[in-house]
Structures are given as structure tokens and as C-alpha cells.
Amino acid sequence: MQETTPLKSGVALLWGAGFDVYDDVGAQVENKDWIITALFRLIDRRYANRYSTIFTSNIKRENLKTDPRIHDRIYRMTIPVIMPEVNVRKQMADEETKSFLKSLQERGKQSEELQVFR
């Protein structure tokens, strides 16, 4: 009897998923053979079975630096949707900073009003 490990269970879920999202394609830091092989097998299966797949990347599909087999399949199975280049994390940080500074100003005004009352 073969033992099922969390890794095998996770791979099995990916293997049979009818819909999948691959985020930051082309951003892999390491190009280890086992990573490339696993990614190729997953993408090849999705390609062969015409499973719905979303790939996100900051890199145009023409410029992906990955295994040529992976690149070809991604190219064949995608329709580019260009999104506006908005740094959402920076935008959220700016809003949080602005809100924090506003709360400090309001506390300062309340403190001044309390001193006037004394």
C-alpha cells in the first residue's frame, strides 16, 4: 500500500483541478530541473485537456524566460489581457499612511481642546 503524503495530495489536487491559477509566471528565482519538470507536467496536462487556466505575470508572454516547452504551451493557451500598471501594495500603503496621519492630527486637535478647557 502506498502512503499518501501532503505533497502527493497537493499535487493530485493540482493534477485534476478543472480550473487553476498560476501567479507570477516567469518570476521563479531558481530554475531547478525538478521545478521545471513539475511545472511542465502540470501545464502540459492542462494544455492537452484544455482545462481553464489563468496565468498572471508582469512579463509579456513573448518575453517569458522559461523552458521553451512551457513557453510554447503558455503562448498557445493564453489570450493576453493587459492590466493597468498600478502598484496596489504601494497604493494601499499610501492610503494607510494618510489615514494614520489624519488620526494623529485629530488626536492633536483633541489634546489642544482639552488643554484650553483646563
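This is a predicted model: local features need pLDDT of at least 70, side-chain atom pairs count only at pLDDT 80 or more; totals for chains, interfaces and linings use all residues.

Me: What pattern does the protein follow along the sequence?

Reply: Helices (H or I, at least four residues) and strands (E, at least two) are DSSP runs, numbered from the N terminus. The protein has four helices and two strands. Read along the sequence, they give the pattern α-β-α-β-α-α.

Me: Which residues form the covered face of β1?

Reply: In a regular strand the side chains alternate between the two faces of the sheet. The uncovered face of β1 has Phe19 and Val21. The covered face has Asp20 and Tyr22.

Me: Why is the pair of Tyr22 and Phe55 classed as it is?

Reply: The structure holds one aromatic pair. Rings of Phe, Tyr and Trp (its six-membered ring) pair if their centres lie within 6.5 Å; planes under 30 degrees apart count as stacked, over 60 as edge-to-face and the rest as tilted. The ring centres of Tyr22 and Phe55 are 5.5 Å apart and their planes lie at 25°, so the pair is stacked.

Me: How many residues apart are Tyr22 and Phe55?

Reply: Both Tyr22 and Phe55 are buried (under 20% relative accessible area, with exposed over 50% and partly exposed in between, for a 1.4 Å probe and protein chains only). Tyr22 belongs to strand β1 (residues 19-22) and Phe55 to strand β2 (residues 52-55). The pair thus links distant parts of the chain, 33 residues apart.

Me: Which element gives the largest share of the lining of the largest pocket?

Reply: On a 1 Å grid over the protein atoms alone, a pocket is an open set of points where a 1.4 Å probe fits, with protein on both sides within 12 Å along at least five of seven lines; lining residues have an atom within 4 Å of a point. The largest pocket is lined by 34 residues, and Phe55, Thr56, Ser57, Asn58 and Val81 lie nearest its centre. Two or more lining residues come from each of α2 (33-49), β2, α3 (68-76) and α4 (88-117). The largest share, four residues, comes from β2.

Me: Is Ile43 buried or exposed?

Reply: Ile43 is found in helix α2. Ile43 and Met77 are 34 residues apart in sequence, and their C-alpha atoms are 9.7 Å apart in space. At 2% relative accessibility, Ile43 counts as buried.

Me: What is the relative accessible area of Arg50?

Reply: Arg50 is found in the loop between α2 and β2. Although Arg50 is not a glycine, it has a positive phi of about 55°. Arg50 is exposed, with a relative accessible area of 75%.

Me: Where is the place of Asp24?

Reply: Asp24 is not a glycine, yet has a positive phi of about 55°. At 37% relative accessibility, Asp24 counts as partly exposed. Its place is in the loop between β1 and α2.

Methods:
Residues are numbered from 1 along each chain as its sequence is written. Side-chain values use heavy atoms; hydrogens and water are left out.
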